Amino acid sequence: MYKTDVRGKLIDGEKSLSQISQEILAPIDAKTPRWWYIAMGISLVMLVLGVKSIYITLTEGIGTWGVNSTVAWGWEIINFVWWIGIGHAGTAFSIFLLILRQKWRTAINRAAEAMTVVAVFCAALFPLMHMGRPWLFFYIFPYPNTRGPLWVNFNSPLFWDFMAISAYLLISASFWYFGMVPDFATIRDTTKSKIKKAVYGFFAFGWTGSSREWLRYEGLAFVLGGIAAVLVVSVHSIVSTDFAVSVEPGWHTTLFPPYFVVGAIFSGFAMVLTLVTLMKKLYKMGDFITENHVDAVCRILVFISLIMGTAYITEIFIAWYSGSEYEMYTFFKNRITGEYAMQFWGMFIFNALLPQLFWSRKVRRNLWVVFAISLFINLGMWFERFNIVVTSLSKNYLPASWAEYHPTWVEIGFFVGTLGMFAAGVLLFFRYIPQIAISEVKMISKYNTQQTDHLKPGHHHDYE
Amino acid sequence: MITNKKYLVGVFDDEHTLKDAFQKALDKGVVIEEVYTPYPIHEILHGMKYKTHISHAAFFFGLFGVTAIIGGMYYAAVIDWPLLFGGKPFNTFPSFIVVSIVATILTITILTLLTFSIRSKIYPGKTADIIDIRATDDKFIILLDQDKMGIEIPAVTQLFQSNGASEVYQKESTSN
């Protein structure tokens, strides 16, 4: 049980149920603020740059990128892994915290899930464009095709990846959507606008809140939650296998799957922290996303950051302990020192050291510091992927084929475009969808006051 | 068939009064047609005695999915188009496991969602049969069918009101 007297209130102010609906739905009913248009404008400009880069890639080919035969994977794979990692938070929030009965997740899970869906879309664009001829992407589907009954290679992690990401996208989107159905019904039943009533009514799927609906809804949530938990672990394990099955120094390690999964959840939680800080400040959702929520996320980040630090050190230790001179070279001459040392130390400091500040309660309760650290963690996680992809590839076994990698503006534009797409998606979410799961927050509102029910004989906890 | 149904609607302001009144009504043998709440309340779900087998259904969808997927991969890799990779076996089962897990999860999700949609009659664009429009906002509604409730109207009105109902009213419905 969430102990209000120990961990603080989950909802500030004594709110009635209808107040909860009204306050969460306020951004949907209110006039769109000016900053929203400005932010949307900037996002769209970024998106246009991305579209232009994609157009150039499509019409002229991969040669417009900075990748070469030695560093065959560049920013695209870095960004792909980065976005997929960010996309892990939604499911982690909704599912792990659902299974662990963490009541504080209710104020944040909707935003995390929305972010997941947009981030996975952004991620999927990169491997698609990296194919060179993306219009033939359907070749990955395992179907008996016109080139003779030739099947895809079921043994390849790249194929597993395709399956995992498609499944992950579909499942997180449906989990997100079904969570919103009761809230859409609330909008349908409380709004005064006829257009909104019709539109949200359509998306509410005829929800009435009857006990039959709730019973099956809860059953569905647990089934989806239970199986998607497996998916969170499998998706990033598979992404890591793309690397780990190769005989490449710095990649060929069994540490990769857990290291990638934990890293993914780390970056996802950091991005959630960025978003909820904005929701607190820009949309005045501070009563629902209290300091206690931010505090809880920060505590998790401290813990995950320690795991990240352990993983980094383990990698270095094993490189030395294995006695393999290629491993030694990669880690000691091409990561810790050498031309890519900045990216290595950026990664190490931002991911393993900086979040240690969250041990201090003062830091956890200072929203601006939390916001800044969350941004640094995202940057650090990007450096981590750069570090893995580029340093290992640039100096391979044959010094004659060593090469440097510099991104071209097409690659940078592509990345900026996905940032714009993500920002635009999040802004649309802020504007048109309840940012917080209304029905779930109503459910926990009763825990806000001291509960005495559990003292009565024969009382069954509904949260157990 | 369209019939005129007469309902009695009890409106409650919070979960506690709803649960009390619900339990007392059940104890008196009142037949409750349906309860509408802004969020799931487990005592009510238990009390209504509905059962859902959605998790069993999901299990069988999974069984079906995993058989179909492993069977499909076996067919592709061994029967239909075997490829020789330096003496490795055609049936490379361990590397089928990952796809089997992921695709099984996908199968379970899609089929369970469909089952939920069909069994709960929840689908895009459906017009909601709203009894009391406040039930998705802040009111808790107990609905009784006047023909089947097994108690007289004044008695049940009295029961609800003495247990904290903020309103009790009659409603006629022309649907089903």
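Predicted model: local features only at pLDDT ≥ 70, side-chain atom pairs only at ≥ 80, totals over all residues.
Student: In what order do the four strands of the open sheet in chain B lie, and which strands are at its edges?

Tutor: The four strands of chain B form an open sheet with antiparallel pairing, in the order S2-S3-S1-S4. From one strand to the next the twist averages 20°. Two strands pair on one side only, and these edge strands of chain B are S2 and S4 (165–173).

Student: How many bridges join S1(B) to S4(B), S1(B) to S3(B), and S2(B) to S3(B)?

Tutor: Each of these pairings can be taken in turn along the sheet. S1(B) pairs with S4(B) in the antiparallel sense over eight bridges, and S1(B) pairs with S3(B), again antiparallel, over six bridges. For S2(B) and S3(B) (residues 140–145), the antiparallel pairing runs over three bridges.

Student: Which residues stand opposite B:Val9 in S4(B) and in S3(B), and what is the bridge partner of B:Val35 in S3(B)?

Tutor: On the S4(B) side, B:Val9 stands opposite B:Tyr169, while on the S3(B) side B:Val9 stands opposite B:Leu143. S3(B) also holds the bridge partner of B:Val35, namely B:Ile142.

Student: Which helix packs on the sheet of chain B, and what angle does its direction make with that of S4(B)?

Tutor: The helix in question touches S1 (5–12), S3 and S4 of chain B. It is H5(B), residues 153–162, and its direction makes an angle with that of S4(B) of about 145°.

Student: How many residues does each chain bring to the contact between chain A and chain B, and which element of chain B gives the most to its side?

Tutor: The contact takes 54 residues from chain B and 51 residues from chain A. On the side of chain B that touches chain A, at least two residues each come from S2 (34–36), H2 (42–47), H3 (54–80) and H4 (97–119) of chain B. By class, the residues of that side divide into 33 nonpolar, 12 polar and nine charged. The element that gives the most to it, with 13 residues, is H4(B).

Student: How do the axes of H12(A) and H15(A) cross, and which classes of residue make their contact?

Tutor: The axes of H12(A) (residues 325–336) and H15(A) (residues 367–394) come within 10 Å and cross at roughly 110°, which means that H12(A) is roughly perpendicular to H15(A). A:Thr330, A:Asn334 and A:Arg335 of H12(A) make the contact with A:Asn387, A:Thr391 and A:Ser392 of H15(A). Sorted by class, this contact has no nonpolar, five polar and one charged residues.

Student: Which residues of H13(A) are buried, and what is included in their cover?

Tutor: In H13(A), residues 341–353, the buried residues are A:Gln343, A:Phe344, A:Met347, A:Phe348, A:Phe350 and A:Asn351. Their cover includes H11 (291–322), H12 and H15 of chain A.

Student: Is A:Ala123 buried or exposed, and how far is A:Ala123 from A:Thr418 in space?

Tutor: A:Ala123 lies in H6(A), residues 109–130, and is buried because 24 other C-beta atoms lie within 10 Å. Leaving aside residues up to four places away in sequence, A:Ala123 touches A:Phe80, A:Trp83, A:Ile84 and A:Gly87. A:Thr418 is 295 residues apart from A:Ala123 in sequence, but their C-alpha to C-alpha distance is 8.3 Å.

Student: Phi is positive at A:Phe205 and at B:Lys121; is each residue buried or exposed?

Tutor: Most residues other than glycine have a negative phi, yet A:Phe205 has a positive phi of about 60° and B:Lys121 has one near 50°. A:Phe205 is found in the loop between H8 (194–203) and H9 (211–244) of chain A, and B:Lys121 lies in the loop between H4 and S3 of chain B. With 23 C-beta neighbours inside 10 Å, A:Phe205 counts as buried; B:Lys121, with 12 other C-beta atoms within 10 Å, is exposed.

Conventions. Residues numbered from 1 in each chain as written. Chains lettered and ligands numbered in written order. Contact = placed C-beta atoms within 7 Å. Nonpolar A, V, L, I, M, F, W, Y, C, P; charged D, E, K, R; others polar. Pairing = 2+ DSSP bridges. Axes fitted to C-alpha atoms, helices over the stretch in contact; angles between N-to-C directions. Parallel < 35°, antiparallel > 145°, perpendicular 65-115°, else oblique. Buried ≥ 20, exposed ≤ 12 C-beta atoms within 10 Å, placed from the backbone.
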